[in-house]
Amino acid sequence: MELYMSANSPYARKVRVVTYELGLHEKVTMTETNPRDPSTGFRDVNPLGKIPALVTDSGDVLYDSPVICEYLNDVEGDGHLLSKETRERWRTCTLVALVDGVLDAGMAVRLEKMRPEHARSIAWIDKQIATASRGMDTLEKRVTEWADEVNLGTIGMACAIAWLQFRHSDHDWLSTRPQLRTWYESFNQRDSLQITMPDQTR
Ligand SMILES: N[C@@H](CCC(=O)N[C@@H](CS)C(=O)NCC(=O)O)C(=O)O
């Protein structure tokens, strides 16, 4: 399999962590690409021009990150990162959606800040930060529910926290969320998280 990714994409990191947790990492070739560079040809792989995208051994192209994670778990792996039991499964899928929503809001802020200063909307940035903060508040309230679980949702939660701290370090994401901080400091010790740590110099 081939995974199109970049070292600092939090969505791609979720997939990379999942490959380690499922013991599949040696079966996946990591191909670094810049999704915003039209000259790479990546848009022929994913017409949306977004990483991650996975090319399976059968030549199918999968996107986006929740689809890839479920495929790796259900088809290539042993399935232990997403319960088959209905209520548990949808609870985890909703956690995946929540952390992806936090990331989407954080990503919208990052893209807005890449625009020339005169073209930026402070109101838009504030709205997205408020969305990310509400998501983080919900995680703070509910993190004890997932405290001992390693699943597609908790993996996403760790990747989202790490990325917010890295790309939006002007906000303090954890000091006012002590339960989340305690959970993160422990979960972050997993080999899969340590190996895939964002490169803070880029
Ligand atoms: N919903 C997508 C989001 C992926 C995404 O936004 N990736 C970013 C990199 S972190 C990207 O490729 N952006 C390129 C662009 O938006 O032009 C997923 O979960 O895979």
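Predicted model: local features only at pLDDT ≥ 70, side-chain atom pairs only at ≥ 80, totals over all residues.

User: How many helices and strands does the protein have?

Analyst: There are eight helices and four strands, where helices (H or I, at least four residues) and strands (E, at least two) are DSSP runs numbered from the N terminus. Their order from the N terminus is β-α-β-α-β-β-α-α-α-α-α-α.

User: What radius of gyration does the protein have?

Analyst: The value is 17 Å, which agrees with the figure near 17 Å for a compact globule with 202 residues. The radius is taken over C-alpha atoms, and the globule rule is 2.2 Å times the number of residues to the power 0.38.

User: On to packing. At what angle do α4 and α6 pack?

Analyst: Helix α4 (residues 86–114) and α6 pack at about 15°, with their axes 8 Å apart. Axes are lines fitted to C-alpha atoms, for helices over the stretch in contact, and angles run from 0 to 180 degrees between N-to-C directions. The two helices are therefore roughly parallel, a term for angles under 35 degrees, whereas over 145 is roughly antiparallel, 65 to 115 roughly perpendicular and the rest oblique.

User: And how are α1 and α6 oriented to each other?

Analyst: They are oblique: helix α1 (residues 10–21) and helix α6 (residues 152–167) pack at about 135°, with their axes 9 Å apart.

User: Which residues of α1 meet α6?

Analyst: Pro 10, Arg 13, Lys 14, Val 17, Val 18 and Glu 21 do so, and their partners in α6 include Cys 159 and Trp 163. Contact requires C-beta atoms, placed from the backbone, within 7 Å.

User: Changing topic: where are the cis peptide bonds?

Analyst: One joins Ile 51 and Pro 52, with omega about 5°; Pro 52 lies in the loop between α2 (42–45) and β3 (53–55). Another joins Tyr 63 and Asp 64, with omega about 0°, and Asp 64 is in the loop between β4 (61–62) and α3 (65–76).

User: Which residues come nearest to the ligand?

Analyst: Of the 13 residues around the ligand, these are Ser 9, Pro 35, Lys 50, Asp 64 and Ser 65. A residue counts as near if its C-beta atom, placed from the backbone, lies within 6 Å.

How values were computed. Residues numbered from 1 in each chain as written. Contact = placed C-beta atoms within 7 Å.
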